[in-house]
Amino acid sequence: MVNLLTGPKGSGKTQKMMELANEQVKACKGNLVFLKNSHRDTRNVGFSIRVVCMDDYPAITNTDGYIGFLYGMYSANHDLECVFIDGLMKQAEFTMENMPRFIARLKQLSAECGVDFYVSLSAKRDDLTGEAYQGCNFID
């Protein structure tokens with residue numbers, strides 16, 4: 001399942017993502033990973049959550065590289081159950097134009113590997129229309 005948390009920049013999406021991750025890790029039987037752009041503000045994420053800062057991987061510059069990175073994480077850890085991706089639009093070369101293709105591939109990865117994804121986007125929910133977003137769960 002792909003879960004999308006949308007809203008304008010500065011609306012508290014990061015805090016909400018950390019709260020969701022801390023709640024979800026209690027229910028998870030497997031491992032939970034929290035991907036964010038930088039090392040800032042990671043102290044509010046629970047100790048049992050693996051935090052990965054994408055600034056540490058400057059070679060990942062596009063959506064294909066990002067998807068490959070996610071497949072690599074799963075191939076190294078088949079106990080991976082949930083992945084939180086905070087601030088996706090700040091990572092790699094994500095734009096609203098390439099977002100539908102990325103979300104479609106993320107849904108495919110979720111179905112193939114049984115991993116739930118939680119993604120925060122600085123976007124209006126009304127802007128996320130089309131086939132790629134069908135079947136996604138929008139979090140308010």
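Student: How much space lies in the second largest pocket?

Tutor: Rolling a probe the size of a water molecule over the atoms shows where empty space is left. In this model, the second largest pocket holds about 200 Å³. A pocket is an open set of points on a 1 Å grid over the protein atoms alone, where a 1.4 Å probe fits and protein lies on both sides within 12 Å along at least five of seven lines; lining residues have an atom within 4 Å of a point. The volume is the space filled by probe spheres set on the points, which are joined across faces, edges and corners.

The model is predicted: local features need pLDDT of at least 70, side-chain atom pairs count only at pLDDT 80 or more, and totals for chains, interfaces and linings use all residues. Residues are numbered from 1 along each chain as its sequence is written, and side-chain values use heavy atoms, with hydrogens and water left out.

Student: Which element supplies the largest share of the lining of the second largest pocket?

Tutor: Strand β2 does, with three residues; β3 (50-53) and α2 each supply at least two. Helices (H or I, at least four residues) and strands (E, at least two) are DSSP runs, numbered from the N terminus. The lining includes Val-33, Arg-50, Tyr-57, Phe-69 and Met-73. By class, seven lining residues are nonpolar, three polar and one charged (Ala, Val, Leu, Ile, Met, Phe, Trp, Tyr, Cys and Pro count as nonpolar, Asp, Glu, Lys and Arg as charged, the others, Gly among them, as polar).

Student: What is the lining of the largest pocket by class?

Tutor: The largest pocket, with about 260 Å³ of space, has one nonpolar, six polar and six charged lining residues. Closest to its centre are Thr-14, Lys-36, Arg-40, Asp-86 and Lys-90. Helix α1 (residues 13-27) gives the most to this lining, three residues.

Student: Which residues touch the most other members of the largest nonpolar core?

Tutor: In soluble globular proteins, nonpolar side chains tend to be buried together. A nonpolar core is a set of buried Ala, Val, Leu, Ile, Met, Phe, Trp, Tyr and Cys residues joined through side-chain atoms within 4.5 Å. Here the largest has 34 residues, and Leu-4, Leu-35, Tyr-66, Leu-70, Phe-102 and Phe-117 touch the most other members. Apart from it lies another core, of 14 residues, among them Leu-5 and Phe-34.

Note on methods. Buried means under 20% relative accessible area, exposed over 50%, partly exposed in between (1.4 Å probe, protein chains only).
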